[in-house]
Amino acid sequence: MTRGILGLVLRACVVLTGVALATFALLWNAPGDPALAIALARYDTVVPADVIDRVRVEAGLDGGFWAAFKGWVGPLMAGDLGRSSVTGRAVWPELAAAGSYTVPLAVAGLGIGLAISVPLAVIATRAPGGWTDRFAVALASLGAAVPAYWLGLLLILLFAVHLGWLPAMGARTRAHVILPALTLGLGVAASLTRIIRSGILEARGQQFLPALRRRGVSDRAIGRDHVVPHAAIPVVTVFGLELAFLLEGTVMVEVIFGRPGLGSFLVAAIAARDFPKVQAVVLLTALVFVVVNLLVDVVYRLIDPRIGERDA
Amino acid sequence: MRSVIALFGAFVLVAVFGPLVAPHDPSAINVPNRLSSPGAEWFLGTDALGRDILSRLLHGARWSLGLAFLVSVIGLLIGTLAGLAAALGGRLADWLVMRTTDTFLAFPDLVAAVVIAGLLGAGTGSLVLALSVTGWMRYARVARGIGLSLATRGYVLQAKLAGMSPLAIARWHYLPSLLPSLTVVWTGMFARAILGISALGFLGFGVQPPLPEWGTMLLDARIHMLSTPLQMIWPGLAVVVCVLVINLAGDALRDALAERDDPA
């Protein structure tokens with residue numbers, strides 16, 4: 001067991017190294033001279049060649065890929081994300097400020113998603129194949145096909161323009177989070193409903209359930225002690241997958257609603273070719289994803305020790 | 001199942017022949033008729049430059065569906081090769097391929113695609129590259145999983161003992177068993193690619209105007225959302241209907257395969 005978990009941690013470390021390398025290589029190989037891009041972003045005019053060379057040395061870009069990679073990873077290990085190549089300010093505080101808008105949005109979106117999908121899946125599985133079940137599956141299929149940016153625009157049209165109930169753009173008040181969170185939450189609900197539904201159905205199909213029933217265990221007790229733990233396993237796994245959905249969902253939603261946050265931060269950084277900022281966001285999202293999935297794998301093994309044996 | 005496949009075929013027909021039946025030139029600018037409501041002449045209305053929206057949607061199918069097809073097939077090829085290499089190439093190859101797959105999976109698709117397309121410069125080429133690079137991992141996992149389970153089958157062992165090369169085994173014994181499952185994965189990835197292409201188009205990193213890609217059209221329409229909300233409805237609806245039908249076709253295919261393998 002401990003050995004299995006150690007193996008998972010080791011694997012996560014390998015993946016994180018790969019993530020850092022891939023992030024850096026991507027920006028290193030982006031077309032155009034990075035030193036020129038930095039110089040242009042900083043001085044915003046025609047830049048003489050000696051200034052570009054000075055910028056190149058300053059930014060540690062003169063020693064080739066591996067030297068530059070080392071110069072970037074070294075401080076990174078200490079938690080230093082470097083400085084914006086445009087403004088020269090440290091990236092970390094700005095990133096944290098952007099994150100303080102994204103995290104509540106993601107949490108609210110996940111909350112709405114759970115609040116819709118769990119009851120829907122429970123009601124649907126009462127009579128598999130019945131009309132409530134078909135309705136839930138149809139709703140989930142439809143939800144999975146609706147792109148977040150379109151749904152967001154439709155919600156703005158309905159609630160902000162026609163009804164005038166809710167604010168749409170920006171993040172000035174608490175009410176500003178409602179429409180973005182709803183956009184995100186409906187998408188989350190669509191995928192969660194399907195997964196929770198099949199989790200419950202699979203748990204119900206377990207062969208020991210009829211045996212329990214014949215022994216006179218009540219339906220309620222069977223549900224609580226046997227069906228729920230079984231259904232929990234896919235839900236835990238999905239939590240890791242859903243996180244990726246939340247991360248990319250927030251990018252779109254923030255752009256549509258003109259809301260500050262990691263998504264807007266990323267899109268602005270790409271437009272300005274501010275490489276340290278782009279690297280920071282990409283690395284952060286990948287780090288969150290890897291760590292959460294590591295935790296999911298560990299929890300998974302704690303719930304069901306058979307999983308580790310099957311892998312080995 | 002049949003009706004879904006028929007619908008799916010209808011989309012292919014629209015993507016291929018749609019431009020031929022489009023009533024107007026999709027890029028013909030007609031400023032006096034700008035932002036007109038749906039009517040007899042302009043069936044779905046016109047956009048801010050007076051271009052016919054129906055014609056743009058029909059031509060746009062080529063971009064939105066055609067590029068998504070291309071991206072999903074490139075992903076299928078890369079992923080299948082990677083998965084087979086992992087399953088057949090020994091422990092080191094397996095480790096390398098699977099850790100690379102994990103690494104690529106660690107980046108949320110859309111975030112990575114936005115970064116790649118944004119850094120390479122907006123355009124159709126970088127769009128295809130960005131979505132292909134981020135869209136092969138699921139195929140690789142499925143191909144490897146099935147490949148590993150095949151390795152212990154009698155006929156594969158016999159082929160190995162008879163001196164058949166790994167390449168020939170991959171071609172004649174693995175590929176036929178992989179195809180059904182990979183087709184199911186492909187339908188899902190095709191739908192994802194449609195969403196990805198229109199998302200990047202909407203963010204301004206994808207197909208560039210004046211080309212009539214659906215996400216790009218939506219970006220245009222957004223500015224006039226308050227005066228002509230209908231203009232914004234159509235491209236989004238096109239995406240939803242296509243993705244829905246493709247997903248349903250994938251579900252139907254998966255169920256049919258499950259029934260064939262395990263007739264209850």
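This is a predicted model: local features need pLDDT of at least 70, side-chain atom pairs count only at pLDDT 80 or more; totals for chains, interfaces and linings use all residues.
In it, 39 residues of chain B are in contact with 44 residues of chain A. Across all chains, the structure holds nine salt bridges, and one of them links chain B to chain A.

**Where the chains meet**

- Putting chain B and chain A together buries about 3,600 Å², and carbon and sulfur atoms give 80% of that area.
- On the chain B side, B:Phe107, B:Val111 and B:Leu119 lose the most area to chain A, together making up 17% of what that side buries.
- The rule also picks out four residue pairs in polar contact across this interface.
- Helices α3 (90–106), α4 (109–120), α8 (166–203), α9 (214–223) and α10 (229–261) of chain B each give two or more residues to the side that touches chain A.
- Of these, α10(B) gives the most, with 11 residues.
- Sort the residues on that side of chain B by type and you get 29 nonpolar, four polar and six charged.

**The salt bridge across the interface, and its network**

- A:Arg194 and B:Asp251 pair up through their side chains in a salt bridge, at 2.9 Å from N to O.
- Within chain B, the side chains of B:Arg254 and B:Asp255 form a salt bridge too, at 3.7 Å.
- B:Arg254 is partly exposed, at 42% relative accessible area, and B:Asp255 also counts as partly exposed, at 43%.
- Shared partners join A:Arg194, B:Asp251, B:Arg254 and B:Asp255 into one salt-bridge network.

- B:Asp94 and B:Arg144 meet in a salt bridge, 2.6 Å from N to O.
- B:Asp94 sits in helix α3 of chain B and B:Arg144 in helix α6 (residues 137–150), so this pair ties together parts that are 50 residues apart in sequence.
- B:Asp94 is buried, with a relative accessible area of 16%, while B:Arg144 counts as partly exposed at 23%.
- Over in chain A, A:Asp219 bridges to A:Arg213, with the closest N and O atoms 3.3 Å apart.
- A:Asp219 is exposed at 55% relative accessible area, whereas A:Arg213 is partly exposed at 45%.

**Two more things to look for**

- Chain A is divided into domain 1 (2–77) and domain 2 (96–271), and their C-alpha centres lie 36 Å apart.
- You'll find B:Ser126 in helix α5 (residues 124–133) of chain B.
- B:Ser126 counts as buried because its relative accessibility is 9%, which is under the 20% cut-off.
- Leaving out residues up to four places away in sequence, B:Ser126 touches B:Ala117, B:Leu120 and B:Gly121.

Methods:
Residues are numbered from 1 along each chain as its sequence is written. Chains are lettered from A and ligands numbered from 1 in the order in which they are written. Side-chain values use heavy atoms; hydrogens and water are left out. Contact means heavy atoms within 4.5 Å. Buried area is the accessible area (1.4 Å probe) that two parts lose on being put together, summed over both. A salt bridge is a side-chain nitrogen of Lys or Arg within 4 Å of a carboxyl oxygen of Asp or Glu. A polar contact is a pair of N or O atoms within 3.5 Å; within protein, one must be able to donate a hydrogen and the other to accept it, and residues adjacent in sequence count only if both atoms are side-chain atoms. Helices (H or I, at least four residues) and strands (E, at least two) are DSSP runs, numbered from the N terminus. Ala, Val, Leu, Ile, Met, Phe, Trp, Tyr, Cys and Pro count as nonpolar, Asp, Glu, Lys and Arg as charged, and the others, Gly among them, as polar. Domain bounds come from an automatic or database domain assignment. Buried means under 20% relative accessible area, exposed over 50%, partly exposed in between (1.4 Å probe, protein chains only).
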